[in-house]
Amino acid sequence: MAASSRAQVLDLYRAMLRESKRFSSYNYRTYAVRRIRDAFRENKNVKDPVEIQTLVNKAKRDLEIIRRQVHISQLYSTDRLVIETQERPRT
Amino acid sequence: MLLRVAWRRAALSVTVAAGPRPAVPNRGLRLRVIDNAPQSAVHCDAAAASEAESGLRPLYMDVQATAPLDPRVLDAMLPYLINYYGNPHSRTHAYGWESEAAVEHARQQVASLIGADPREIIFTSGATESNNIAVKELEAAIQPDTSLVSIMTVNNEIGVKQPIAEIGQICSSRKVYFHTDAAQAVGKIPLDVNDMKIDLMSISGHKIYGPKGVGAIYIRRRPRVRVEPLQSGGGQERGMRSGTVPTPLVVGLGAACEVAQQEMEYDHKRVSQLAERLIQKIMKSLPDVVMNGDPEHHYPGCINLSFAYVEGESLLMALKDVALSSGSACTSASLEPSYVLRAIGADEDLAHSSIRFGIGRFTTEEEVDYTVEKCIQHVKRLREMSPLWEMVQDGIDLKSIKWTQH
């Protein structure tokens, strides 16, 4: 299997961010978006293809975790926090 | 999906036109019947839309009391609450084997975080049980000169870090057992039981974004530390702690430890930045604020501030939109000032004015800014109402006043 290309990594990044924005909990949502951005930024200069593949595989597993937890978070959602803006996260 | 979106829009427009909002302001926390029946999931959307307008939840800044579950932890636990429900001590079938494998994997995760061997980790119901086991060991000691030193790694009220490695060194050279309650420290600062010569360590699940009701005790094997079990029964956990090991909880604790190990550096950096921001902003805008605890040997996520001339409880009540506390949750029911503050020599009146701000993995900059703004606003307001403050403003030295007896 060919190593992940830059385009695939970017797709994964966008998919993770898109999914994370759907968390109905403010704290989980902001953490996921922030952590994903920081993690991809931190690793952007990795050159070794084996290491890149390891990171991509972990990210894919994390994306699945996010998908499941976003869904659960929506099923058990509660009131917003005092500082959240009027707009609810879109389903 | 399109149909559902359209339905939701229709539902929202209907509820917005509904009757007047209740006049009584509530704090966003109301008693509601939680109806988890599947068919009501659809109806809940409409209800939630209207309720969201009228009730907002406070920000959570009390992470020393307890911490939210990390989503990665819940994800690890759920399979063991749904399909993999076997008893880990059942030796004769796959349900037992898979459950046991999960428990042993979790044990490895906990051990790895503190530099221990998995055989040295015993699961308990929490750090309190672990502390009791460790202290009971003192009573079971055979030699007349053995004793136990027990220190908190990071204090839960003021965040001070104790010099664990130095204490460990001293205890080891004097042949005295060294126990530390690391509930607030595990996963937040690097800990190694061998480097720090720790013999016994208490670990709490819910302080590190894991589930409540589970913890662990680390018991050194070399040289062997003997402990007496608190509860006897079927001999589980090497006879040290009988009772079926709760696989889902233990899996959660293991996952929390693994996540903590991965995230420790990132979290520490962020928490430090946010703590600095909070302290700077408050100190810049308010005079007569004292930070309790040694500023150098301090875990940044636990900030204890005393606001002079303001009563701590009234400030807490005023900051109704932020969940805070004025000391440890374990003693919050009593009105006495914290024993910790008293011990570090804080003035009696400053001890009554203290608030603890907790910053954790999920705290945002926005939340810190909001908390700071409200805190400054209410401290100013409460001081305006305080006759003591007025006297101080007029240049009177409060310590020189002779209060008359009634």
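Student: How many residue pairs are in polar contact between chain B and chain A?

Tutor: The count is 12 residue pairs, both residues at pLDDT 80 or more. A polar contact is a pair of N or O atoms within 3.5 Å; within protein, one must be able to donate a hydrogen and the other to accept it, and residues adjacent in sequence count only if both atoms are side-chain atoms. This is a predicted model: local features need pLDDT of at least 70, side-chain atom pairs count only at pLDDT 80 or more, and totals for chains, interfaces and linings use all residues. Side-chain values use heavy atoms, without hydrogens and water, residues are numbered from 1 along each chain as its sequence is written, and chains are lettered from A and ligands numbered from 1 in the order in which they are written.

Student: Why is the pair A:Arg68 and B:Asp75 called a salt bridge?

Tutor: A salt bridge requires a side-chain nitrogen of Lys or Arg within 4 Å of a carboxyl oxygen of Asp or Glu. The closest N and O atoms of A:Arg68 and B:Asp75 are 2.6 Å apart, so the pair qualifies. Two salt bridges are counted between chain B and chain A.

Student: What is the buried area between chain B and chain A?

Tutor: About 2700 Å² is buried between them, 52% of it on carbon and sulfur atoms. Buried area is the accessible area (1.4 Å probe) that two parts lose on being put together, summed over both. In chain B, B:Arg57, B:Asp75 and B:Tyr266 lose the most area to chain A, together 22% of what that side buries.
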